[in-house]
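Take a look at the model below.

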Amino acid sequence: MGKDANTRAVVLGGSLGGLFAARVLADAYDEVVVVDRDLLVGVSEPRRGCPQGRHISGLLTRGQRAVESMYPGITAELFADGVPDGDLAGTVRWYARGRRLKQQNADMLCVGASRPMLEYHVRNRTQALGNVTFLERHDILGLTTSPDRSKVTGVRVQNQLGEGVEETLDADLVVDASGRGSRTPVWLEDLGYPRVKEERKKIGLGYVTQHYRLRTDPFDGDLSINGIAWAKNPRGVIFSRTDGTRVEMTVYGVLGDHPPTDQAGLYEFVKSLGIPEIYDAVIQAEPLDEPVAFRFPTTLRRRYEDMDRFPDGLLVVGDAVTTFNPIYAGGMTVAALSALTIREHLHSGAAPVPLDYFKDLARNVIDPPWAVTNAADLSFPGVEGDRPLSLKVEQTIMALVQTAASKDSRVTAGYMRVAGQVEHPSTLMKPKYVLRVALALLGLSKHTAIPFRGQNVQPAAEPTRVPTA
Ligand SMILES: Cc1cc2nc3c(=O)[nH]c(=O)nc-3n(C[C@H](O)[C@H](O)[C@H](O)COP(=O)(O)OP(=O)(O)OC[C@H]3O[C@@H](n4cnc5c(N)ncnc54)[C@H](O)[C@@H]3O)c2cc1C
């Protein structure tokens with residue numbers, strides 16, 4: 001970075017957000033050090049610092065393309081490792097508003113990897129870069145700065161296995177990828193910067209996940225069977241084939257209507273979803289583990305882009321900036337796009353200007369899915385928040401789209417291209433699409449659905465810019 005001495009970037013957190021950041025930083029810095037409290041290298045099981053690893057983690061198509069662009073060939077490696085594939089509109093069987101949606105291939109590749117499997121492959125590829133090292137079993141304590149506190153110069157860490165001695169890692173750039181519990185807001189305040197504004201929405205989400213070996217086949221060639229929670233039944237399910245020839249089921253309920261973790265109670269919850277093929281398969285299946293719960297009380301967005309001062313040498317990515325409601329499966333995609341945004345800001349040949357990066361990230365990466373998922377969260381009457389007329393219009397459009405998608409597979413395809421973040425949400429308002437929705441609702445669609453049967457589709461190349469309206 002224009003210096004004679006070796007340059008070093010330090011990434012705080014070695015989950016997917018940190019790995020993606022390390023991947024792009026490795027092209028610009030001589031050395032990248034990833035710090036995490038967990039053991040990481042070689043780990044292919046759920047780990048303590050990533051409790052979501054015990055639950056379904058769907059990678060949206062936009063995220064898959066971003067990951068493939070950073071790690072060419074990784075999608076094929078995952079398939080070779082036993083990960084099933086599919087198409088978000090073609091072989092994911094969706095139920096919305098109590099109706100089954102028509103299916104049609106939409107060139108929306110789905111990678112049915114469990115979370116630990118995906119992270120394992122991404123970590124291996126990151127480690128193979130040669131200039132990325134992992135400082136495992138280290139707690140991140142805080143930042144070091146220049147005397148005037150205008151620049152972050154490193155990070156203080158502590159080895160969990162040693163005598164508790166604090167060490168300092170000098171860095172030309174520190175990237176905070178430590179997730180929702182990120183301490184950056186507090187560290188900044190301690191350094192004399194204003195507190196970053198935070199937005200939270202109480203959704204009271206509860207997940208329960210269990211894995212099975214099926215004795216029957218409810219999939220009929222599909223990858224997954226998913227029921228979307230809605231106001232009349234605030235319960236949902238993702239029931240998916242995954243690596244290891246297992247089936248992973250996550251059921252969820254919002255606003256405190258949480259699935260139970262006892263086996264009989266869980267079966268009753270599944271029955272209440274109104275998707276008989278899942279219930280029938282599950283009660284006959286062999287459970288491979290105990291049901292595991294996860295509570296997700298609020299979404300959270302930290303508005304770094306609105307700060308008027310921010311120290312040089314520090315960026316924040318992934319869940320440390322925004323934790324989305326996980327039922328919409330956007331977090332890993334946004335983490336990957338955060339890394340691609342850093343890459344664009346590194347192209348100037350100097351360290352990124354933090355506030356420029358945050359503004360770009362907010363506008364091009366976070367805003368579109370944040371708006372869509374907020375509108376969906378607010379469709380539950382018990383979720384608190386402003387509901388201006390524009391939001392009610394959006395919610396009505398989404399309800400009409402979902403109903404029309406139960407009649408015309410091309411409507412499903414358009415809807416899933418938005419849900420998969422490949423298209424901007426505004427494409428649902430394009431005249432051709434609106435006409436298609438209207439015809440479907442009036443029963444005038446002449447289209448016949450062509451179900452897609454996945455065969456390890458080649459991933460499309462990923463442009464570095466995110467789609468715009
Ligand atoms: C229940 C659940 C389900 C989800 N489902 C999906 C899904 O279907 N699709 C999707 O795209 N996204 C999903 N997500 C979100 C997704 O997991 C994250 O967006 C993704 O992991 C990127 O997060 P991250 O790397 O920024 O942070 P995290 O994954 O939270 O990782 C933070 C890392 O920092 C380390 N760390 C934190 N603090 C310290 C410290 N003080 N010292 C040392 N190390 C530290 C942790 O050990 C961890 O490895 C889900 C999230 C949850 C909670």
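Start with two helices, α8 and α9 (residues 354-377), which pack at an angle of about 150° with their axes 10 Å apart. This comes from a predicted model. Are α8 and α9 roughly parallel or roughly antiparallel? An angle over 145 degrees counts as roughly antiparallel. The two helices α8 and α9 are therefore roughly antiparallel to each other. Their crossing is right-handed.

Which residues make this contact? From α8 come V334, L337, S338, T341, I342 and H345. From α9 come D356, Y357, D360, L361, V365, I366 and P369. Sorted by class, the contact of α8 with α9 holds 8 nonpolar, 3 polar and 2 charged residues.

**Helix α1 and its partners**

Now move to α1, which covers residues 16-25. The axes of α1 and α8 (residues 331-346) come within 9 Å and cross at roughly 25°. Angles under 35 degrees count as roughly parallel. So α1 and α8 are roughly parallel to each other. The crossing of α1 and α8 is right-handed. On the α1 side, the contact uses L16, G17, F20, A21, R23 and V24. On the α8 side, it uses M332, A335, A336, S338, A339, I342, R343 and L346. The residues of this contact of α1 with α8 divide into 10 nonpolar, 2 polar and 2 charged.

Helix α1 also packs with α4 (residues 115-127). The axes of α1 and α4 come within 10 Å and cross at roughly 25°. That makes α1 roughly parallel to α4. Is the crossing of α1 and α4 left-handed or right-handed? It is left-handed. In α1, the residues L16, L19, A22 and R23 meet E119, V122, R123 and T126 in α4. By class, the contact of α1 with α4 has 4 nonpolar, 1 polar and 3 charged residues.

| Helix pair | Axis distance | Axis angle |
|---|---|---|
| α8 and α9 | 10 Å | about 150° |
| α1 and α8 | within 9 Å | roughly 25° |
| α1 and α4 | within 10 Å | roughly 25° |

**Around the ligand**

Next, the ligand. How many residues lie around the ligand, and which come nearest? There are 37 residues, and G17, G49, G179, G318 and G331 come nearest. Helices α1 and α8 each supply at least two residues of the shell, and so do β8 (138-145) and β17 (292-302). Which element gives the most to the shell? Helix α8 does, with 4 residues. By class, the shell divides into 14 nonpolar, 17 polar and 6 charged residues.

**The domains**

The protein chain is divided into three parts: domain 1 (8-57 + 118-197 + 303-374), domain 2 (200-297) and domain 3 (380-441). Where does the ligand lie? Domain 1 and domain 2 both give residues to the shell around the ligand, so the ligand lies between them.

Note on methods. Residues are numbered from 1 along each chain as its sequence is written. This is a predicted model: local features need pLDDT of at least 70, side-chain atom pairs count only at pLDDT 80 or more; totals for chains, interfaces and linings use all residues. Axes are lines fitted to C-alpha atoms, for helices over the stretch in contact, and angles run from 0 to 180 degrees between N-to-C directions. Angles under 35 degrees count as roughly parallel, over 145 as roughly antiparallel, 65 to 115 as roughly perpendicular and the rest as oblique. A crossing is left-handed if the near helix is turned anticlockwise from the far one by less than a right angle, and right-handed if clockwise. Two residues are in contact if their C-beta atoms, placed from the backbone, lie within 7 Å. Ala, Val, Leu, Ile, Met, Phe, Trp, Tyr, Cys and Pro count as nonpolar, Asp, Glu, Lys and Arg as charged, and the others, Gly among them, as polar. A residue is near a molecule or strand if its C-beta atom, placed from the backbone, lies within 6 Å of it. Domain bounds come from an automatic or database domain assignment.
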